[in-house]
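Please look at the screen for a few minutes. I will go through one chain, part by part, and give each term its cut-offs as it comes up.

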Amino acid sequence: RAQAAAALARLDNGGRCASIVVFSDVLYDNCNFDALESTLRQCVAHGGCDWLVASWKDREQGEEEFIQRFNDLGDVQILWRGGENDRLNLATIQLQRASAAEESPE
């Protein structure tokens, strides 16, 4: 968590996440999926993020299933599935906005 906070501090966005987080070609070793998911969720938890955008090469390691792990955060859309010769894929996750009551301190 400290590493995520330090990285977000460098964005100069008041400790909040960037509005769009793009991750590309990082889904090549499914034994690291849990760590990547944790990192992305920690960043999103800081607020400010509206979209996650993912691009990956299909290596039959469960990459699309990894993307579906974020269904609880918003609308997951697989926009492009590469064919046999072009195995590149693209997905977006439009994050749900917290209600005004959740965003404002009590």
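Phe33 and Phe66 are both buried, where buried means under 20% relative accessible area, exposed means over 50% and partly exposed lies in between, with a 1.4 Å probe and protein chains only. Phe70 is buried as well, like Phe66.

Before I go on, a word on where this comes from. This is a predicted model, in which local features need pLDDT of at least 70 and side-chain atom pairs count only at pLDDT 80 or more, while totals for chains, interfaces and linings use all residues. Residues are numbered from 1 along each chain as its sequence is written, and side-chain values use heavy atoms, leaving out hydrogens and water.

Back to the rings. How many aromatic pairs does a search of the whole structure find? It finds two; rings of Phe, Tyr and Trp (its six-membered ring) pair if their centres lie within 6.5 Å, and planes under 30 degrees apart count as stacked, over 60 as edge-to-face and the rest as tilted. Phe33 and Phe66 form a tilted pair, with 4.9 Å from centre to centre and 50° between the planes. Phe33 lies in helix 2 and Phe66 in helix 3, so this pair ties together parts that are 33 residues apart in sequence. Helices here are DSSP runs of H or I with at least four residues, strands are runs of E with at least two, and both are numbered from the N terminus. For Phe66 and Phe70 the ring centres are 5.5 Å apart and the planes stand at 75°, so that pair is edge-to-face.

Next, the core. The largest nonpolar core has 22 residues, and Phe23, Leu52, Phe66, Ile67 and Phe70 touch the most other members. Such a core is a set of buried Ala, Val, Leu, Ile, Met, Phe, Trp, Tyr and Cys residues joined through side-chain atoms within 4.5 Å. Helix 2 gives the most to this core, namely five residues. Phe66 also has contacts (heavy atoms within 4.5 Å) beyond four places in sequence, among them Phe23, Leu27, Leu36 and Leu40.

Now the sheet. The chain has four helices and four strands, in the pattern α-β-α-β-α-β-β-α along the sequence. In what order do the four strands form the open sheet? The order is 1-2-4-3, and the pairing is mixed; two strands pair if DSSP finds at least two bridges between them. The edge strands, each pairing on one side only, are strand 1 (20-24) and strand 3.

Strand 1 and strand 2 run parallel, joined by five bridges, and Val21 stands opposite Leu52 in strand 2. Strand 2 (residues 51-57) and strand 4 (residues 88-95) run antiparallel with seven bridges; here Trp51 has Gln94 as its bridge partner. Strand 3 (residues 74-81) also pairs with strand 4 in the antiparallel sense, over seven bridges. A hairpin of six residues joins strand 3 to strand 4, and Trp80 stands opposite Leu90.
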